[in-house]
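Please keep the viewer open as you read.

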Amino acid sequence: MQLEKFVDELPRPRVLKPKGSVDRLEYYEVPMKVIKQSLHRDLPPTELWGYDGSYPGPTIEARKDNSILVKWTNELPVNRHLLPVDTTIHGAEPPNPHVRTVVHLHGAKVSHDSDGYPSAWFTNGFKEVGPDFERKTYLYPNNQQATCLWYHDHAIGITRLNVYAGLAGFYMIRDNEELSLNLPKGDYEIPIVIQDRSFNEDGSLYYPAEPTPPVPDVYPSIVPEFFGDTILANGKVWPYCDVEPRLYRIRLLNGSNSRFYTLKFNPVNGKAPHVMQIGTDQGLLERPVHLMELILAPAERADLLIDFTGLDGLEFVLANSAPTPFPMGENPDPNTTANVMEFRVGNIVKSYKNNTMPDRLVEVERLDPDCACKIRNLTLDESTDQYGRLLLLLTGQNWNDPITETPVINSIEIWRFVNTTVDTHPIHLHLVKFQILERRPYDLAYYNATGEIKYTGPARYPDSNERGWKDTVRANPGEITSIIARFEGYLGVYPWHCHILEHEDHDMMRPYRVVKKVCDKNKY
Ligand code: C2O
Ligand code: CU
Ligand code: CU
(Lines give C-alpha, C1' and ligand atoms only; values in the text may rest on other atoms or scores of the structure.)
(Ligands and ions follow the chains in the order given, each with its own letter.)
Protein backbone atom coordinates (compact mmCIF):
# COMPACT_ATOMS: atom_id res chain seq x y z
CA MET A 1 0.00 0.00 0.00
CA GLN A 2 1.41 3.36 -1.00
CA LEU A 3 -0.13 6.27 0.89
CA GLU A 4 -0.89 9.42 -1.05
CA LYS A 5 1.26 12.39 -0.13
CA PHE A 6 0.14 15.84 0.99
CA VAL A 7 -3.55 15.05 1.58
CA ASP A 8 -3.74 15.79 5.32
CA GLU A 9 -3.18 19.15 6.94
CA LEU A 10 -0.22 19.54 9.32
CA PRO A 11 -1.65 19.41 12.86
CA ARG A 12 -0.44 21.96 15.38
CA PRO A 13 0.05 20.47 18.83
CA ARG A 14 -2.20 22.19 21.40
CA VAL A 15 -0.69 24.00 24.38
CA LEU A 16 -1.13 22.21 27.70
CA LYS A 17 -3.03 24.08 30.43
CA PRO A 18 -2.01 23.84 34.08
CA LYS A 19 -4.32 21.99 36.45
CA GLY A 20 -3.82 24.68 39.08
CA SER A 21 -0.97 25.62 41.35
CA VAL A 22 0.90 23.92 44.15
CA ASP A 23 3.16 25.96 46.43
CA ARG A 24 2.56 28.92 44.10
CA LEU A 25 4.03 26.96 41.18
CA GLU A 26 2.05 26.07 38.09
CA TYR A 27 1.04 22.44 38.35
CA TYR A 28 0.41 20.13 35.38
CA GLU A 29 -0.78 16.55 35.16
CA VAL A 30 0.00 14.45 32.13
CA PRO A 31 -1.38 10.91 31.89
CA MET A 32 0.01 8.45 29.34
CA LYS A 33 -2.86 6.62 27.69
CA VAL A 34 -3.74 4.27 24.88
CA ILE A 35 -5.26 6.34 22.07
CA LYS A 36 -6.57 5.83 18.55
CA GLN A 37 -5.63 8.52 16.10
CA SER A 38 -5.90 8.98 12.36
CA LEU A 39 -2.40 9.40 10.94
CA HIS A 40 -3.40 9.57 7.27
CA ARG A 41 -6.64 10.06 5.33
CA ASP A 42 -6.51 6.52 3.89
CA LEU A 43 -5.33 4.65 6.99
CA PRO A 44 -7.68 3.21 9.61
CA PRO A 45 -7.08 4.90 13.01
CA THR A 46 -3.83 3.76 14.63
CA GLU A 47 -3.49 2.55 18.19
CA LEU A 48 -0.82 4.63 19.88
CA TRP A 49 0.41 5.70 23.27
CA GLY A 50 -0.05 9.41 23.83
CA TYR A 51 0.64 12.00 26.49
CA ASP A 52 -2.64 13.52 27.62
CA GLY A 53 -4.51 11.75 24.83
CA SER A 54 -2.53 12.91 21.82
CA TYR A 55 0.39 12.12 19.58
CA PRO A 56 2.55 14.12 19.59
CA GLY A 57 1.82 15.20 23.15
CA PRO A 58 0.60 18.71 23.98
CA THR A 59 3.21 21.49 24.05
CA ILE A 60 4.29 22.81 27.42
CA GLU A 61 5.00 26.57 27.36
CA ALA A 62 7.35 27.76 30.11
CA ARG A 63 9.03 31.05 31.04
CA LYS A 64 12.68 31.25 32.00
CA ASP A 65 13.12 31.04 35.80
CA ASN A 66 9.45 30.20 36.43
CA SER A 67 9.49 26.73 37.92
CA ILE A 68 6.68 24.35 37.08
CA LEU A 69 5.60 21.00 38.46
CA VAL A 70 4.51 18.11 36.26
CA LYS A 71 2.99 14.90 37.52
CA TRP A 72 3.48 12.28 34.83
CA THR A 73 1.18 9.33 35.28
CA ASN A 74 0.98 5.96 33.58
CA GLU A 75 -2.50 4.78 32.56
CA LEU A 76 -1.19 2.27 30.03
CA PRO A 77 -1.94 -1.46 30.07
CA VAL A 78 -0.15 -3.09 32.97
CA ASN A 79 1.82 -5.72 31.12
CA ARG A 80 0.93 -5.73 27.42
CA HIS A 81 3.22 -3.58 25.29
CA LEU A 82 2.04 -2.24 21.97
CA LEU A 83 5.30 -3.39 20.36
CA PRO A 84 7.61 -6.42 20.60
CA VAL A 85 9.69 -6.31 23.80
CA ASP A 86 13.12 -7.93 23.81
CA THR A 87 13.70 -9.14 27.36
CA THR A 88 17.39 -9.96 26.85
CA ILE A 89 18.65 -6.38 26.93
CA HIS A 90 19.66 -4.24 29.89
CA GLY A 91 16.81 -3.38 32.22
CA ALA A 92 14.15 -5.26 30.23
CA GLU A 93 14.88 -8.64 31.81
CA PRO A 94 12.25 -10.46 33.86
CA PRO A 95 10.80 -9.87 36.38
CA ASN A 96 10.63 -6.26 35.12
CA PRO A 97 7.18 -5.59 33.66
CA HIS A 98 6.97 -5.02 29.89
CA VAL A 99 5.18 -1.71 30.24
CA ARG A 100 7.38 0.75 32.11
CA THR A 101 7.63 4.48 31.62
CA VAL A 102 9.68 7.42 32.81
CA VAL A 103 9.68 10.88 31.27
CA HIS A 104 12.83 12.80 30.41
CA LEU A 105 12.76 16.46 29.46
CA HIS A 106 15.48 16.50 26.82
CA GLY A 107 17.81 19.49 27.17
CA ALA A 108 16.54 20.58 30.58
CA LYS A 109 18.83 21.59 33.41
CA VAL A 110 17.10 19.78 36.28
CA SER A 111 18.01 17.89 39.42
CA HIS A 112 18.79 14.20 39.06
CA ASP A 113 15.51 13.08 40.62
CA SER A 114 13.42 15.08 38.12
CA ASP A 115 15.51 14.09 35.10
CA GLY A 116 13.79 10.84 34.27
CA TYR A 117 16.64 8.48 35.00
CA PRO A 118 16.20 5.33 32.84
CA SER A 119 15.83 3.04 35.83
CA ALA A 120 13.40 5.38 37.63
CA TRP A 121 10.50 3.90 35.68
CA PHE A 122 7.01 3.35 37.01
CA THR A 123 3.99 1.40 35.88
CA ASN A 124 0.26 2.01 35.78
CA GLY A 125 -0.87 3.34 39.15
CA PHE A 126 2.81 3.58 40.25
CA LYS A 127 2.56 -0.02 41.31
CA GLU A 128 6.21 -0.44 40.82
CA VAL A 129 9.12 1.89 40.70
CA GLY A 130 12.58 1.05 39.43
CA PRO A 131 15.37 0.42 41.90
CA ASP A 132 16.36 3.25 44.26
CA PHE A 133 13.75 5.72 43.16
CA GLU A 134 10.80 7.22 44.84
CA ARG A 135 7.88 8.14 42.62
CA LYS A 136 7.45 11.91 42.58
CA THR A 137 6.15 14.88 40.70
CA TYR A 138 8.91 16.41 38.60
CA LEU A 139 10.12 19.97 39.19
CA TYR A 140 11.35 21.92 36.17
CA PRO A 141 13.07 25.17 37.23
CA ASN A 142 13.44 26.49 33.64
CA ASN A 143 16.62 28.20 34.71
CA GLN A 144 18.03 28.34 31.19
CA GLN A 145 17.74 30.45 28.08
CA ALA A 146 14.81 30.36 25.66
CA THR A 147 14.81 27.35 23.41
CA CYS A 148 12.85 24.35 22.19
CA LEU A 149 13.15 21.26 24.39
CA TRP A 150 11.18 18.06 24.06
CA TYR A 151 9.91 15.51 26.51
CA HIS A 152 9.95 11.84 25.68
CA ASP A 153 9.99 8.46 27.32
CA HIS A 154 13.34 7.12 28.61
CA ALA A 155 12.53 3.78 30.28
CA ILE A 156 15.53 1.47 30.40
CA GLY A 157 15.66 -1.13 27.61
CA ILE A 158 12.44 -0.03 25.87
CA THR A 159 12.97 3.66 25.10
CA ARG A 160 12.89 2.91 21.35
CA LEU A 161 9.48 1.22 21.66
CA ASN A 162 7.89 3.77 23.97
CA VAL A 163 8.91 6.73 21.82
CA TYR A 164 7.87 4.89 18.65
CA ALA A 165 4.47 4.20 20.24
CA GLY A 166 3.98 7.99 20.43
CA LEU A 167 5.43 9.22 23.71
CA ALA A 168 7.01 12.56 22.74
CA GLY A 169 6.05 16.24 22.87
CA PHE A 170 7.41 19.81 22.72
CA TYR A 171 8.46 21.98 25.66
CA MET A 172 9.19 25.62 24.87
CA ILE A 173 11.12 27.96 27.13
CA ARG A 174 10.64 31.69 26.49
CA ASP A 175 12.69 34.60 27.84
CA ASN A 176 12.77 38.40 27.50
CA GLU A 177 15.85 38.41 25.32
CA GLU A 178 14.06 36.27 22.75
CA LEU A 179 10.80 38.22 23.03
CA SER A 180 12.64 41.52 22.39
CA LEU A 181 13.70 40.24 18.96
CA ASN A 182 10.08 40.32 17.72
CA LEU A 183 10.31 36.99 15.98
CA PRO A 184 7.23 35.60 14.23
CA LYS A 185 4.80 34.14 16.77
CA GLY A 186 1.26 32.82 17.18
CA ASP A 187 0.03 31.51 13.82
CA TYR A 188 3.43 32.34 12.37
CA GLU A 189 5.46 30.12 14.69
CA ILE A 190 5.10 26.40 13.97
CA PRO A 191 6.75 23.58 15.93
CA ILE A 192 7.25 20.53 13.70
CA VAL A 193 8.46 17.13 14.87
CA ILE A 194 9.59 14.82 12.07
CA GLN A 195 9.40 11.05 12.64
CA ASP A 196 9.41 7.98 10.43
CA ARG A 197 6.97 5.12 10.92
CA SER A 198 5.80 1.97 9.10
CA PHE A 199 2.27 0.62 9.12
CA ASN A 200 0.45 -2.66 8.74
CA GLU A 201 -2.55 -2.79 6.35
CA ASP A 202 -4.97 -2.37 9.27
CA GLY A 203 -3.36 0.94 10.22
CA SER A 204 -1.46 -0.42 13.22
CA LEU A 205 2.15 0.56 13.78
CA TYR A 206 4.72 -1.80 12.37
CA TYR A 207 7.95 -2.30 14.27
CA PRO A 208 10.18 -5.31 13.50
CA ALA A 209 10.15 -8.15 16.04
CA GLU A 210 13.59 -9.31 14.92
CA PRO A 211 16.40 -8.27 12.60
CA THR A 212 17.07 -9.78 9.17
CA PRO A 213 18.52 -12.35 9.29
CA PRO A 214 16.94 -13.41 12.59
CA VAL A 215 19.04 -14.12 15.67
CA PRO A 216 18.92 -17.72 16.87
CA ASP A 217 17.62 -18.06 20.44
CA VAL A 218 16.16 -14.57 20.79
CA TYR A 219 12.61 -13.58 19.84
CA PRO A 220 11.56 -10.82 19.90
CA SER A 221 14.99 -9.31 19.34
CA ILE A 222 16.17 -5.73 19.14
CA VAL A 223 17.19 -4.51 15.67
CA PRO A 224 20.44 -2.56 15.14
CA GLU A 225 18.45 0.43 13.85
CA PHE A 226 14.98 1.11 12.51
CA PHE A 227 13.92 3.12 9.47
CA GLY A 228 10.22 3.56 8.70
CA ASP A 229 8.95 3.82 5.12
CA THR A 230 6.73 6.87 5.68
CA ILE A 231 7.58 10.27 7.14
CA LEU A 232 5.27 11.99 9.60
CA ALA A 233 5.22 15.60 10.70
CA ASN A 234 3.34 16.33 13.94
CA GLY A 235 1.76 12.89 13.71
CA LYS A 236 0.47 12.99 10.10
CA VAL A 237 1.97 11.11 7.19
CA TRP A 238 3.38 13.57 4.60
CA PRO A 239 1.10 16.48 5.52
CA TYR A 240 0.75 19.85 3.85
CA CYS A 241 0.78 23.22 5.58
CA ASP A 242 -0.89 26.37 4.25
CA VAL A 243 1.25 29.43 4.78
CA GLU A 244 0.97 33.11 3.92
CA PRO A 245 3.57 34.84 1.71
CA ARG A 246 5.55 36.21 4.67
CA LEU A 247 8.15 35.21 7.30
CA TYR A 248 7.59 32.15 9.53
CA ARG A 249 9.45 30.76 12.50
CA ILE A 250 9.64 26.95 12.24
CA ARG A 251 10.87 24.97 15.24
CA LEU A 252 12.09 21.68 13.83
CA LEU A 253 12.77 18.57 15.88
CA ASN A 254 14.00 15.22 14.62
CA GLY A 255 12.03 12.85 16.87
CA SER A 256 12.88 9.71 14.86
CA ASN A 257 14.39 6.56 16.33
CA SER A 258 17.33 6.19 13.91
CA ARG A 259 16.71 8.31 10.83
CA PHE A 260 18.76 11.42 10.04
CA TYR A 261 17.37 14.06 7.68
CA THR A 262 19.13 16.31 5.21
CA LEU A 263 16.43 18.83 4.43
CA LYS A 264 15.99 21.23 1.56
CA PHE A 265 13.08 22.76 -0.35
CA ASN A 266 12.62 21.50 -3.90
CA PRO A 267 12.65 24.66 -6.04
CA VAL A 268 9.63 25.57 -8.20
CA ASN A 269 10.32 27.60 -11.38
CA GLY A 270 13.82 28.13 -10.01
CA LYS A 271 12.46 29.69 -6.82
CA ALA A 272 12.60 28.43 -3.25
CA PRO A 273 11.96 30.01 0.14
CA HIS A 274 14.94 31.62 1.84
CA VAL A 275 15.85 29.68 5.01
CA MET A 276 17.87 31.08 7.91
CA GLN A 277 18.74 29.20 11.08
CA ILE A 278 18.50 31.33 14.21
CA GLY A 279 18.86 28.78 16.98
CA THR A 280 20.30 25.41 17.96
CA ASP A 281 19.33 22.81 20.58
CA GLN A 282 19.99 25.06 23.55
CA GLY A 283 19.20 28.57 22.35
CA LEU A 284 19.62 31.33 19.81
CA LEU A 285 22.72 31.80 17.67
CA GLU A 286 24.65 35.09 17.56
CA ARG A 287 23.27 35.89 14.13
CA PRO A 288 21.06 34.16 11.57
CA VAL A 289 22.87 31.68 9.33
CA HIS A 290 21.76 31.14 5.74
CA LEU A 291 21.13 27.46 5.01
CA MET A 292 21.51 25.62 1.72
CA GLU A 293 20.41 22.44 3.45
CA LEU A 294 19.97 21.29 7.04
CA ILE A 295 21.24 18.05 8.56
CA LEU A 296 19.23 16.98 11.58
CA ALA A 297 20.20 13.89 13.60
CA PRO A 298 17.79 12.22 16.02
CA ALA A 299 17.01 14.62 18.93
CA GLU A 300 18.60 17.68 17.29
CA ARG A 301 16.48 20.82 16.95
CA ALA A 302 16.74 23.73 14.55
CA ASP A 303 15.08 27.11 15.05
CA LEU A 304 14.43 28.44 11.54
CA LEU A 305 13.13 31.58 9.90
CA ILE A 306 11.62 30.76 6.52
CA ASP A 307 10.59 33.53 4.16
CA PHE A 308 7.70 32.74 1.81
CA THR A 309 7.43 36.37 0.66
CA GLY A 310 6.90 36.73 -3.11
CA LEU A 311 6.17 33.03 -3.55
CA ASP A 312 2.37 33.44 -3.74
CA GLY A 313 0.53 30.42 -5.11
CA LEU A 314 3.56 28.11 -5.14
CA GLU A 315 3.86 24.72 -3.43
CA PHE A 316 7.17 23.59 -2.00
CA VAL A 317 8.07 20.08 -0.96
CA LEU A 318 10.45 19.83 1.95
CA ALA A 319 12.72 17.05 0.71
CA ASN A 320 15.10 14.70 2.49
CA SER A 321 18.32 13.30 1.04
CA ALA A 322 19.97 11.74 4.11
CA PRO A 323 21.17 8.14 3.61
CA THR A 324 20.24 5.37 6.07
CA PRO A 325 22.29 4.55 8.03
CA PHE A 326 23.97 7.96 8.01
CA PRO A 327 26.24 8.91 6.32
CA MET A 328 27.21 5.89 4.22
CA GLY A 329 23.96 3.96 3.73
CA GLU A 330 21.24 3.89 1.10
CA ASN A 331 19.65 7.00 -0.32
CA PRO A 332 16.01 7.66 0.54
CA ASP A 333 13.32 6.49 -1.90
CA PRO A 334 12.26 9.39 -4.18
CA ASN A 335 8.62 8.24 -3.93
CA THR A 336 8.51 7.94 -0.14
CA THR A 337 11.19 8.79 2.40
CA ALA A 338 12.76 11.51 0.25
CA ASN A 339 9.66 13.60 1.07
CA VAL A 340 8.76 15.15 4.41
CA MET A 341 5.87 17.55 3.85
CA GLU A 342 4.62 20.33 1.60
CA PHE A 343 4.24 24.07 2.22
CA ARG A 344 1.50 25.76 0.15
CA VAL A 345 1.88 29.49 -0.14
CA GLY A 346 -1.38 31.46 -0.33
CA ASN A 347 -1.98 34.98 -1.68
CA ILE A 348 -3.07 36.88 1.41
CA VAL A 349 -1.09 38.12 4.38
CA LYS A 350 -3.33 38.67 7.41
CA SER A 351 -0.66 40.36 9.50
CA TYR A 352 2.74 41.85 8.76
CA LYS A 353 3.69 41.94 12.44
CA ASN A 354 7.09 40.47 13.31
CA ASN A 355 7.89 40.03 9.66
CA THR A 356 11.54 41.10 9.58
CA MET A 357 14.69 39.07 9.79
CA PRO A 358 16.89 40.38 12.64
CA ASP A 359 20.63 40.79 11.83
CA ARG A 360 21.85 40.08 15.32
CA LEU A 361 20.33 37.72 17.85
CA VAL A 362 22.09 37.16 21.21
CA GLU A 363 25.57 37.12 22.71
CA VAL A 364 26.91 33.60 22.93
CA GLU A 365 29.57 33.19 25.64
CA ARG A 366 32.48 31.12 24.32
CA LEU A 367 33.89 28.47 26.64
CA ASP A 368 37.68 28.69 26.56
CA PRO A 369 39.49 25.37 25.99
CA ASP A 370 42.35 26.71 28.17
CA CYS A 371 39.95 26.71 31.11
CA ALA A 372 39.21 23.00 30.78
CA CYS A 373 40.56 21.08 33.77
CA LYS A 374 40.13 17.72 32.13
CA ILE A 375 40.14 16.21 28.64
CA ARG A 376 38.48 12.84 28.26
CA ASN A 377 38.90 10.58 25.24
CA LEU A 378 35.68 8.60 24.96
CA THR A 379 35.36 5.91 22.32
CA LEU A 380 32.24 4.96 20.41
CA ASP A 381 32.70 1.25 19.78
CA GLU A 382 31.16 -1.68 17.99
CA SER A 383 31.12 -5.04 19.73
CA THR A 384 28.93 -8.18 19.84
CA ASP A 385 26.71 -9.44 22.63
CA GLN A 386 26.34 -13.00 23.93
CA TYR A 387 23.85 -13.82 21.16
CA GLY A 388 26.22 -12.62 18.46
CA ARG A 389 24.26 -9.44 17.84
CA LEU A 390 25.82 -6.08 17.08
CA LEU A 391 26.35 -4.23 20.35
CA LEU A 392 27.28 -0.57 20.43
CA LEU A 393 29.15 0.81 23.39
CA LEU A 394 30.59 3.98 24.84
CA THR A 395 34.15 3.66 26.20
CA GLY A 396 33.85 -0.11 25.68
CA GLN A 397 31.60 -0.36 28.72
CA ASN A 398 28.01 -1.32 29.42
CA TRP A 399 25.38 0.86 31.05
CA ASN A 400 25.67 -1.26 34.19
CA ASP A 401 29.46 -0.94 34.54
CA PRO A 402 30.78 1.33 37.33
CA ILE A 403 30.81 5.08 36.66
CA THR A 404 34.07 6.32 35.14
CA GLU A 405 33.22 9.92 34.20
CA THR A 406 33.05 12.15 37.29
CA PRO A 407 33.27 15.84 36.38
CA VAL A 408 33.57 18.27 39.30
CA ILE A 409 30.68 20.66 39.65
CA ASN A 410 31.23 24.03 37.93
CA SER A 411 34.37 22.76 36.22
CA ILE A 412 34.88 22.87 32.48
CA GLU A 413 35.81 19.70 30.63
CA ILE A 414 36.51 18.74 27.04
CA TRP A 415 35.02 15.44 25.90
CA ARG A 416 36.49 13.97 22.73
CA PHE A 417 34.28 11.38 21.06
CA VAL A 418 36.55 8.96 19.21
CA ASN A 419 34.25 7.29 16.70
CA THR A 420 35.63 3.86 15.78
CA THR A 421 32.45 2.78 13.93
CA VAL A 422 31.23 3.44 10.38
CA ASP A 423 28.13 5.44 11.37
CA THR A 424 27.47 8.92 12.69
CA HIS A 425 26.19 8.79 16.27
CA PRO A 426 24.26 11.73 17.76
CA ILE A 427 25.77 11.96 21.26
CA HIS A 428 23.65 13.61 23.93
CA LEU A 429 24.57 14.62 27.48
CA HIS A 430 21.85 15.17 30.04
CA LEU A 431 22.02 18.21 32.38
CA VAL A 432 24.54 20.33 30.48
CA LYS A 433 24.68 22.43 27.37
CA PHE A 434 27.91 22.37 25.42
CA GLN A 435 29.74 23.85 22.47
CA ILE A 436 31.37 21.96 19.63
CA LEU A 437 35.08 22.78 19.42
CA GLU A 438 36.11 20.82 16.35
CA ARG A 439 35.93 17.63 14.32
CA ARG A 440 39.22 16.14 13.21
CA PRO A 441 40.15 13.05 11.15
CA TYR A 442 42.40 10.51 12.90
CA ASP A 443 44.16 7.22 12.27
CA LEU A 444 41.80 4.50 13.48
CA ALA A 445 44.19 1.54 13.02
CA TYR A 446 46.87 3.36 14.99
CA TYR A 447 44.40 4.21 17.73
CA ASN A 448 43.21 0.61 17.98
CA ALA A 449 46.79 -0.62 18.23
CA THR A 450 48.18 1.96 20.67
CA GLY A 451 45.27 3.78 22.27
CA GLU A 452 46.90 7.00 21.11
CA ILE A 453 45.48 9.65 18.86
CA LYS A 454 47.28 10.45 15.63
CA TYR A 455 45.46 13.07 13.60
CA THR A 456 45.52 12.68 9.86
CA GLY A 457 44.30 16.10 8.85
CA PRO A 458 43.42 19.54 10.10
CA ALA A 459 40.58 20.24 12.53
CA ARG A 460 37.30 21.37 11.04
CA TYR A 461 35.35 23.98 12.91
CA PRO A 462 31.71 23.21 13.56
CA ASP A 463 29.32 24.21 10.77
CA SER A 464 28.20 27.82 11.08
CA ASN A 465 24.74 26.69 12.23
CA GLU A 466 26.35 24.62 15.00
CA ARG A 467 28.18 27.53 16.65
CA GLY A 468 25.70 27.94 19.46
CA TRP A 469 24.78 25.92 22.53
CA LYS A 470 24.05 22.28 21.81
CA ASP A 471 22.96 19.22 23.77
CA THR A 472 23.30 16.65 20.98
CA VAL A 473 26.23 16.45 18.57
CA ARG A 474 26.87 14.41 15.45
CA ALA A 475 30.03 12.36 15.97
CA ASN A 476 31.02 11.23 12.49
CA PRO A 477 32.98 8.11 11.53
CA GLY A 478 36.72 8.63 11.01
CA GLU A 479 36.68 11.74 13.16
CA ILE A 480 37.21 12.82 16.72
CA THR A 481 34.51 15.27 17.74
CA SER A 482 35.42 17.57 20.64
CA ILE A 483 32.90 19.34 22.79
CA ILE A 484 33.36 21.63 25.79
CA ALA A 485 30.93 21.94 28.70
CA ARG A 486 30.68 23.46 32.14
CA PHE A 487 29.18 20.91 34.50
CA GLU A 488 26.99 23.29 36.43
CA GLY A 489 23.64 23.09 38.12
CA TYR A 490 23.34 19.90 40.09
CA LEU A 491 25.34 17.08 41.63
CA GLY A 492 24.38 13.52 40.90
CA VAL A 493 24.17 10.86 38.24
CA TYR A 494 23.01 11.59 34.70
CA PRO A 495 23.08 9.59 31.48
CA TRP A 496 25.01 10.39 28.34
CA HIS A 497 24.20 8.36 25.28
CA CYS A 498 23.76 7.94 21.57
CA HIS A 499 20.32 9.23 20.58
CA ILE A 500 19.74 6.57 17.95
CA LEU A 501 17.19 4.89 20.19
CA GLU A 502 18.06 1.34 19.08
CA HIS A 503 21.68 2.09 20.06
CA GLU A 504 20.75 3.71 23.35
CA ASP A 505 18.75 0.61 24.37
CA HIS A 506 21.61 -1.74 23.43
CA ASP A 507 23.89 -0.51 25.12
CA MET A 508 25.19 2.84 23.93
CA MET A 509 24.45 4.71 27.12
CA ARG A 510 26.56 5.41 30.19
CA PRO A 511 25.96 7.15 33.50
CA TYR A 512 28.23 10.01 34.60
CA ARG A 513 28.34 11.65 37.99
CA VAL A 514 28.79 15.34 38.79
CA VAL A 515 30.82 15.40 42.01
CA LYS A 516 31.62 18.03 44.61
CA LYS A 517 35.38 17.97 44.55
CA VAL A 518 38.22 15.76 43.44
CA CYS A 519 39.53 13.51 46.17
CA ASP A 520 40.12 10.14 44.62
CA LYS A 521 38.48 10.03 41.23
CA ASN A 522 38.39 6.23 41.19
CA LYS A 523 36.21 6.23 44.24
CA TYR A 524 33.18 7.56 42.45
CU1 C2O B 1 16.43 12.81 24.49
CU2 C2O B 1 18.54 10.87 27.28
O3 C2O B 1 17.48 11.83 25.88
CU1 CU C 1 18.23 14.36 27.37
CU1 CU D 1 24.62 5.35 17.89
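In this predicted model, the copper ion (ligand 3) is held by His425 (ND1), Cys498 (SG) and His503 (ND1), at 2.0 to 2.1 Å. Donors here are N, O and S atoms within 2.8 Å of the metal (3.2 Å for Na, K and Ca), and since water is not among the atoms, sites may look incomplete. Along the chain, the donors of this copper ion (ligand 3) follow the spacing H-x72-C-x4-H. Histidine 425 sits in strand S26 and histidine 503 in helix H4 (residues 501–504), so distant parts of the chain, 78 residues apart, are linked by the pair. Helices (H or I, at least four residues) and strands (E, at least two) are DSSP runs, numbered from the N terminus. Histidine 425 and histidine 503 are both buried, where buried means under 20% relative accessible area, exposed over 50%, and partly exposed in between (1.4 Å probe, protein chains only).

Residues are numbered from 1 along each chain as its sequence is written, while chains are lettered from A and ligands numbered from 1 in the order in which they are written. The model being predicted, local features need pLDDT of at least 70 and side-chain atom pairs count only at pLDDT 80 or more, whereas totals for chains, interfaces and linings use all residues, and side-chain values use heavy atoms, with hydrogens and water left out.

What are the protein donors of the copper ion (ligand 2)? They are His104 (NE2) and His428 (NE2), lying 1.9 Å from the ion.

Now to the charged side chains. A salt bridge is a side-chain nitrogen of Lys or Arg within 4 Å of a carboxyl oxygen of Asp or Glu, and by this rule the count comes to 33. Three of them are set out here.

| Salt bridge | N to O distance |
|---|---|
| Glutamate 189 – arginine 249 | 3.5 Å |
| Lysine 350 – glutamate 244 | 3.8 Å |
| Glutamate 300 – lysine 470 | 2.6 Å |

Glutamate 189 lies in strand S10 (residues 189–199) and arginine 249 in strand S15 (residues 247–254), so their bridge ties together parts that are 60 residues apart in sequence. Both glutamate 189 and arginine 249 are buried.

Lysine 350 is exposed, at a relative accessible area of 70%, whereas glutamate 244 is buried at 11%. Glutamate 300 is buried, with a relative accessible area of 2%, and lysine 470 counts as buried at 3%. Salt bridges that share partners place Glu300 and Lys470 in one network, whose members also include Asp281, Arg301 and Arg439.

Strand S21 (residues 315–320) pairs with S22 in the antiparallel sense over 5 bridges, and glutamate 315 has arginine 344 in S22 as its bridge partner.

Methods: Pairing = 2+ DSSP bridges.
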